[in-house]
Amino acid sequence: MKKCLMIFVFILSPVVLFAQQMNLDEVIKHSARVIEDTFPQGAKVLVLNFSSPSETFSEFVLEELSGELLEGYKITVVDRRNLSAIREELDFQYSGEVSDESMQSLGKMLGAEVVISGSLTDLGTSYRFRIRIINVETATVQRQITSELQRNDSQVTFLLTGKIEKPPKPPFVQSASIRNNWFSAEATLGLVGLRYERILNNNWALNFNGYAQWWGTVFMDVGIDVTARFYPSGKIFYMGIGMGGHGYSDYSGRTTEVKRVESSEETIYQFGFAICPEIGFKVHFGRNGGFFFDLGYKNPLLINKYGFTFNTVPHFGLGWAW
């Protein structure tokens, strides 16, 4: 049983390694290490050609692979500048297909024992990066190294097309948590205020709000509160509940809005603790925050020695998020 399991793992391992996608630098380094492990110390190797849609890509791979082999100090790499004299004679292209016979001839001319050739194949979702090791004496393929190259590698895209691939813009999402800090000035008929909102996560935020509301000389309301806001979908709609201190004043010889308190010619002042439920919408204009507006209302419930009183406070806020 153990023997069967070991055989299964041994067979499966190359498949798993092949399926792993690597970037261009990783593929070149991996190929160089395998080439080094294939030959004894001092073997003379010619890195000859690489077939791909782009000569720029092919030359880059050949230069980088030669450099990796030189840095390994295990094998001797034939200087590719010696190819210049015979390149035109054999109609040889670095980026094109070259027959095994031509590679064998070039290897013998330059005194190499082994010739390295490669190719790039488009698989749709990735590229197949293949290195072939050809024995100069017998003209046979001694070994083949196959790797899977990432398609979304920006370096590969540039070398193949000459263009820098820009990452796609993220979809515009109207989210309450796109920025951490939201500061706004608020105003409606008879109300001015300031609000700072600190985002805690995608659904919750903490608000610090101060405002003053008045209707001529008849009524005035001043409040400072801290509110917890909840964004059910993580986007623009919110509900909140706040607590703070509020004060009312009422004048004009009429019955005040406070239960069981009446006045004819005097101003009534009341202060107390308030619970402030609110509801509304917050919408930003930019992809990453910036200007935004906040439209909603809250209904403070003032609690003091006279009992309790409700007061509706609509607001429209305009501010900046950062």
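Predicted model: local features only at pLDDT ≥ 70, side-chain atom pairs only at ≥ 80, totals over all residues.

Q: What makes β7 and β8 a pair?
A: Strand β7 (residues 181–188) and strand β8 (residues 191–199) share eight bridges, in the antiparallel sense. The rule asks for at least two, so the label holds. One of the positions is W182, whose bridge partner in β8 is E197. Two residues lie between the strands of this hairpin, and G190 has a positive phi near 80°.

Q: How do you know that β7 also pairs with β16?
A: Six bridges join β7 to strand β16 (residues 313–321), and the two run antiparallel. At least two are needed. In β16, G317 stands opposite E186.

Q: Why is the R33 and E68 contact called a salt bridge?
A: The closest N and O atoms of E68 and R33 are 3.1 Å apart. The cut-off is within 4 Å, so the pair qualifies.

Q: What makes R195 and E278 a salt bridge?
A: Their N to O distance is 3.7 Å, and the limit is within 4 Å. R195 lies in strand β8 and E278 in strand β12 (residues 268–286), so this pair ties together parts 83 residues apart in sequence. R195 is at 2% relative accessibility, so it counts as buried. E278 is at 5%, so it counts as buried too.

Q: How do you know that R229 and E197 form a salt bridge?
A: Their closest N and O atoms are 3.2 Å apart, and the rule asks for within 4 Å. Both R229 and E197 are buried. A network of salt bridges links E186, R195, E197, R229, E278, K282 and D294.

Q: Why are the buried residues of α5 said to be on the same side?
A: In helix α5 (residues 100–109), M103, Q104, L106 and G107 are buried. They cover an arc of only 165° around the axis, which puts them on the same side of α5. On the other side, E101, K108 and M109 are exposed.

Conventions: Residues numbered from 1 in each chain as written. Heavy atoms only, no water. Helix = DSSP H or I, 4+ residues; strand = E, 2+ residues; numbered from the N terminus. Buried < 20%, exposed > 50% of the residue type's maximum accessible area, 1.4 Å probe, protein only. Arc of directions from axis to C-beta. Salt bridge = Lys/Arg side-chain N within 4 Å of Asp/Glu carboxyl O.
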